[in-house]
Amino acid sequence: MLVLEHSLNWHLCVAFNGREGFQHMTFWALFCLLEIAYLLALLYTRGTVTAFAPFDARADAEALRKAMKGLGTDEETVLNILTTRNNAQRQEIASAFKTLFGRDLVDDLKSELTGKFETLMVSLMRPAYIFDAHALKHAIKGAGTNEKVLTEILASRTPAEVQNIKQVYLQEYEASLEDKITGETSGHFQRLLVVLLQANRDPDVGVDEALVEQDAQVLFRAGELKWGTDEEKFITILGTRSVSHLRRVFDKYMTISGFQIEETIDRETSGDLEKLLLAVVNCFCWVTCTSARGETELCLHLSSWPFIQDCFRVRLIKSFCYSK
């Protein structure tokens, strides 16, 4: 844990001393702490903000109105309320706000806040799947494609969440998300994205040990035992099998091959496909990894985060504030 503590202390030091001109130091401190908490939470579950209790949507709405009414804005109150309620409760607050004052809470936030603080608070008010659809739209519009955003979102969302994202994208932008993504990507990276977009991952209804053995053997033969790599086998198994099944497959693969599945993916694939495959694996593996391995990975990630883009930080905290 000592190495992890040094990493966290270094990260906070950079955050406070290396961001010249940042107007909201309290806000930046929240960014850093939520980044760390989110990574730690990945070892156990996805989403850490549970329902706030005791919860009173009308009282929260009144407090937010008071915080934004008149000259100046009580940003601390806005921050404390919106980051401690889960997504469903934030939607109730928005409804109560409109009922009590005839005003749209998101419009008021946009009017009263500025900069990164405004971006984050407005993002928190969007249901998760609407936020994801918006992020994907920006990732594939204009010149160039942000493959990191495609990987981050589609590798980590459940089938139900992917279906919601696709529906919202169609309603909001009158276009098929799959068509847009296939028009901007190519090769095996595109094929795995399409598989994930089908949202047909097997449900978690028990693990067939015979199929676990079979899949582990197939992956071993498709990578380490093959001259070249049969990427299609990796795409099919990692893109369609259930979470519980894949965790067992990764354990069995280690027994059969003597390698972690991540090691094989790193050796046998490259580029955007490698990153997407690793993202899928990490979304399933981090919650079951050993303490030592988990601390090592957390240190590696934390050591690079002071230089990530603010748009990623917003998506990160949005995920952190997604209810269990």
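Okay, helix H12 first: that's residues 187-197, with helices here being DSSP runs of H or I of at least four residues, numbered from the N terminus. Which residues of H12 are buried? Phe189, Leu192, Leu193, Val194, Leu196 and Leu197 are, where buried means under 20% relative accessible area, exposed means over 50%, and partly exposed is in between, using a 1.4 Å probe and protein chains only. After H12 you get to Ala199, and its phi is positive, near 55°.

Quick word on what we're looking at. It's a predicted model, so local features need pLDDT of at least 70 and side-chain atom pairs count only at pLDDT 80 or more, while totals for chains, interfaces and linings use all residues. Numbering runs from 1 along each chain as its sequence is written, and side-chain values use heavy atoms, with hydrogens and water left out.

Next, Thr269. You'll find Thr269 in the loop between helix H16 (261-268) and helix H17 (271-285). Buried or exposed, this Thr269? Buried, at a relative accessible area of 8%. A polar atom of its side chain lies 2.6 Å from the backbone oxygen of Ile265. Leaving aside residues up to four places away in sequence, Thr269 touches Glu231, Thr264, Glu274 and Leu277, contact meaning heavy atoms within 4.5 Å.

Now, salt bridges. We call it one when a side-chain nitrogen of Lys or Arg is within 4 Å of a carboxyl oxygen of Asp or Glu. How many does that rule give? Ten salt bridges.

Take Asp108 with Arg65: their closest N and O atoms are 3.9 Å apart. Asp108 sits in helix H6 (residues 105-112) and Arg65 in helix H3 (residues 57-68), so this pair ties together parts that are 43 residues apart in sequence. Both ends are tucked in by our cut-off: Asp108 is buried at 7% relative accessibility, and Arg65 is buried at 18%.

Then there's Glu213 with Lys252, closest N and O atoms 3.6 Å apart. Glu213 is in helix H13 (residues 209-222) and Lys252 in helix H15 (residues 243-257), so here the parts being tied together are 39 residues apart in sequence. Glu213 is partly exposed at 30% relative accessibility, and Lys252 is partly exposed at 23%.

One more pair: Asp230 and Lys233 meet through their side chains, 3.0 Å from N to O. Asp230 comes out partly exposed at 21%, and Lys233 partly exposed at 36%. And back to Asp108 to finish: salt bridges with shared partners join Arg65, Arg103 and Asp108 into one network.

Technical notes
Helices (H or I, at least four residues) and strands (E, at least two) are DSSP runs, numbered from the N terminus. A polar contact is a pair of N or O atoms within 3.5 Å; within protein, one must be able to donate a hydrogen and the other to accept it, and residues adjacent in sequence count only if both atoms are side-chain atoms.
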